[in-house]
Amino acid sequence: MLRRAVSLVVSPKSRPDELLMVERSPKLRYFGAFHAFPGGTLDSEDGLVSVAGLEDEALAPFIVAGARELFEETGLLLSRGVTRPRVEALRQGRRELLEGKTSFASVLGGLGRYLDARDFAPLCRMTTPPFSPVRFDTQFLRATVEDGALVEIWDGELVRGEFVGAASALQMWRAGRMHVAPPMVILLDEWTKGRDGLEQRVRSLTEAYTSGKLHRIYFSPGILLVPLRTPTRLPATHTNTLVIGEERLFVVDPSPRDPTEQERLWDFLDELVSEGRELEGILLTHYHPDHVGALAQMQHRYDVLAFAHRECMTRLPGTRFGRALDHGDSIAIGKAPDGKDDWKLCVYHVPGHAPGHLAFQETRYGSIAVGDLVSTLSSILIDPSDGHLATYLNSLSFLETVTTGALYPGHGPPVLDGRGVIRKAIDHRRHREEQLLGALTRDAQTPGELVAKIYTDVEPGMHALAERSLLSGLLKLEEEERVVRSKRGYSLAD
């Protein structure tokens with residue numbers, strides 16, 4: 001799903017390097033608890049508002065949505081008119097707009113104001129890379145406000161808002177004192193390189209993204225998210241390769257099998273290396289094909305060793321491995337993004353989805369890469385062919401105790417509340433087990449018969465996979481002597 005959105009890069013007229021950053025409520029589904037620029041999605045009623053001085057009619061809906069969102073979120077009304085509105089009149093119009101009692105067009109008309117395209121300069125356009133089922137085609141607009149303009153954040157979608165220097169914002173982000181949404185990290189970084197040629201640099205970079213160049217996606221400092229197309233299970237279409245480190249880089253799960261996707265990854269890594277970084281090696285969470293599709297090709301191109309658990313290593317013959325990794329090991333990765341020394345990756349052995357599955361947690365911010373222990377798109381399939389449900393649940397319980405920061409799954413967008421996501425996964429498994437026990441009787445039933453009773457929320461085309469997952473649950477209950485297996489199927493134990 002692709003939604004059209006707008007984001008406003010706003011600064012005071014005399015301080016162009018100070019940008020308005022708003023902190024989003026942690027309750028929000030998208031970028032909750034992140035700092036971002038004001039903005040939001042386009043609304044059908046935005047078409048009721050006209051924009052004066054337009055040279056490009058295609059910008060009209062973005063300008064209207066941007067002005068409306070800025071007003072709703074911060075109380076700043078970028079508009080023109082004969083007289084300046086009184087503060088209380090602005091607040092009343094904003095209140096009625098947020099309560100759905102009026103439209104933005106009516107607010108402007110009542111205040112004697114209008115929108116002018118000269119107040120909204122197009123900066124760039126970015127589309128969310130395919131790591132999330134909901135993506136945004138976002139037009140970024142540049143705007144200025146009077147010095148001393150009053151920003152008022154009301155309870156709702158935002159927690160706070162203030163003008164922050166671009167360099168200061170990045171410094172706070174690297175220090176772990178501010179979460180910044182990935183597109184804003186890109187733009188803040190460009191801002192710190194100087195005002196000369198800024199617009200052209202930003203436009204060239206984002207146009208390259210449109211042409212297929214991989215974004216530098218940071219959900220937390222020191223970990224680059226690289227979603228690449230793989231032959232994986234739906235609803236996922238991509239697997240998250242990660243690049244961890246600043247000076248010393250480790251690539252986690254080089255995933256794509258497709259040569260075109262591999263070339264995109266090579267271009268991305270080559271650019272990082274050209275900046276003076278060292279490519280140290282490959283880390284594998286596990287051996288499933290959608291996580292190691294580019295492993296052999298990457299070793300051939302960069303002459304680096306791979307590191308994995310010994311059980312993973314036995315399933316990838318022909319791979320050049322370094323030392324085997326085990327639970328409690330650590331890997332030195334140099335200086336952290338804020339310059340602190342002794343930055344490491346802690347290694348955790350978390351089997352259950354696959355034998356020898358590993359997770360990697362960096363020690364500066366607590367961010368953790370969990371491979372296929374958790375997905376933020378769907379529940380993880382535990383297939384009895386190489387998975388074990390009881391072991392998997394033990395691994396989730398362990399991860400819940402150590403996860404303190406952002407969680408990077410193998411599929412789907414990362415999340416700041418990693419522990420909360422793990423808890424939801426555990427609760428989901430508990431709920432499925434309760435459903436299974438509720439469907440079982442003293443009369444034997446086949447897994448297929450049980451799937452039809454339990455997985456009513458799953459499309460029939462997915463029932464074959466659901467049956468594999470349900471079988472793992474049956475085997476767990478059998479191991480616990482709560483279920484009995486016979487030639488006919490499964491039934492409750494006496």
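Predicted model: local features only at pLDDT ≥ 70, side-chain atom pairs only at ≥ 80, totals over all residues.
Residues are numbered from 1 along each chain as its sequence is written, and side-chain values use heavy atoms, with hydrogens and water left out. Helices (H or I, at least four residues) and strands (E, at least two) are DSSP runs, numbered from the N terminus.

- Strand β13 covers residues 238-244, and seven of its seven residues are buried; buried means under 20% relative accessible area, exposed over 50%, and partly exposed in between, with a 1.4 Å probe and protein chains only.
- In a regular strand the side chains alternate between the two faces of the sheet.
- In β13, His238, Asn240, Leu242 and Ile244 point one way, while Thr239, Thr241 and Val243 point the other way.
- On one pairing, β12 (residues 223-229) runs antiparallel to β13 and is joined to it by seven bridges; two strands pair if DSSP finds at least two bridges between them.
- Within that pairing, leucine 228 stands opposite threonine 239.
- Strand β14 (residues 248-252) is also antiparallel to β13, with three bridges, and here leucine 242 faces valine 252.
- The hairpin of β13 and β14 has three residues between the strands, and its glycine 245 takes a positive phi near 125°.

**Nonpolar cores**

- The largest nonpolar core has 83 residues; such a core is a set of buried Ala, Val, Leu, Ile, Met, Phe, Trp, Tyr and Cys residues joined through side-chain atoms within 4.5 Å.
- Phe37, Phe140, Leu188, Val243, Leu269, Leu283 and Leu284 touch the most other members of this core.
- Helix α5 (residues 182-191) gives the most to this core, with six residues.
- Leaving aside neighbours within four places in sequence, leucine 188 is in contact with residues including Leu19, Met21, Phe37 and Val180.
- A second, separate core of 32 residues includes Leu78, Ala117, Phe120 and Ala143.

**Aspartate 137**

- Aspartate 137 lies in strand β9 (residues 135-145) and counts as buried because its relative accessibility is 13%.
- Its side chain makes a polar contact of 2.8 Å with the side chain of arginine 125; a polar contact is a pair of N or O atoms within 3.5 Å, where within protein one must be able to donate a hydrogen and the other to accept it, and residues adjacent in sequence count only if both atoms are side-chain atoms.
- Not counting residues up to four places away in sequence, aspartate 137 touches several others, among them Leu2, Arg4, Phe62 and Met126.

**Cysteines**

- The disulfide count is zero, taking a disulfide as a pair of cysteine sulfur atoms within 2.5 Å.
- For cysteine 312, the nearest cysteine sulfur is that of cysteine 346, 20 Å away.
- Cysteine 312 counts as buried, at 0% relative accessibility, whereas cysteine 346 is partly exposed because its relative accessible area is 24%.

Methods:
Contact = heavy atoms within 4.5 Å.
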